[in-house]
Amino acid sequence: MPETTLARSAWQRWLWLLLAYLSIGMAMLGVILPGLPTTEFVLLAAWAASRSSPRLAAWLENHRVFGPLLRDWKNGGLIARRTKWVASGSMLLALTILLLTVDHLPSVLFAAGGMSCGALFIWTRPEKPRAK
């Protein structure tokens with residue numbers, strides 16, 4: 001394999017790894033900050049980790065909090081109803097905070113549009129059948 005290909009693949013691997021770790025950090029912040037998505041960042045982290053670090057990808061898939069989300073997603077793009085409600089509630093809380101604190105209406109409308117798209121996406125994903 002030519003040296004430039006090896007150098008480029010090592011460089012790309014580090015970029016994927018950086019994206020994976022940044023996404024994990026954003027997902028962890030999303031657990032505690034309303035309006036910051038957790039699910040999307042976990043999925044992005046898993047995707048980037050699968051391209052850079054099998055060990056990190058395995059850690060994510062076996063993580064106590066993030067693992068079930070990733071397994072559900074791999075098994076048909078499932079999002080649990082509880083996750084949908086928590087995400088929607090967080091977005092509503094964040095939008096309320098924006099409405100009360102930001103005077104620039106176009107910014108609030110832009111954020112509301114983004115949150116609406118996110119909510120529409122998660123509510124159109126299938127759910128796990130309930131255990132009887």
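Predicted model: local features only at pLDDT ≥ 70, side-chain atom pairs only at ≥ 80, totals over all residues.

Which helix gives the most to the lining of the largest pocket? It is H5, with 6 residues.

Let me remain with the pocket. Its volume is about 750 Å³. It is lined by 29 residues, and those closest to its centre are Thr38, Thr39, Leu69, Thr83 and Val86. At least two lining residues come from each of H1 (3–32), H2 (39–50), H4 (66–74), H5 (81–101) and H6 (105–123).

I turn now to the packing of the interior. In soluble globular proteins, nonpolar side chains tend to be buried together. Here, the largest nonpolar core holds 17 residues, and Val42, Ala49, Leu56, Leu60 and Leu70 have the most contacts inside it. H1, H2, H3 and H4 each contribute at least two residues to this core, with the largest share, 7 residues, coming from H2. Apart from this core lies another, of 8 residues, including Ile79, Ala94, Val108 and Ala112.

Leaving aside residues up to four places away in sequence, Leu56 touches Leu17, Ala20, Tyr21, Ile24 and Ala49.

Finally, a word on confidence. The average pLDDT of the protein is 86, and 91% of the residues score at least 70. Among the elements, where is confidence lowest, and where is it highest? The lowest mean, 81, belongs to H1, and the highest, 92, to H3, residues 54–61.

How values were computed
Residues numbered from 1 in each chain as written. Heavy atoms only, no water. 1 Å grid on protein atoms, 1.4 Å probe; cavity = no way out; pocket = protein on both sides within 12 Å on 5 of 7 lines; lining within 4 Å. Points joined across faces, edges and corners; volume = space filled by probe spheres on them. Helix = DSSP H or I, 4+ residues; strand = E, 2+ residues; numbered from the N terminus. pLDDT = per-residue confidence, 0-100. Core = buried A, V, L, I, M, F, W, Y, C linked by side-chain atoms within 4.5 Å. Buried < 20%, exposed > 50% of the residue type's maximum accessible area, 1.4 Å probe, protein only. Contact = heavy atoms within 4.5 Å.
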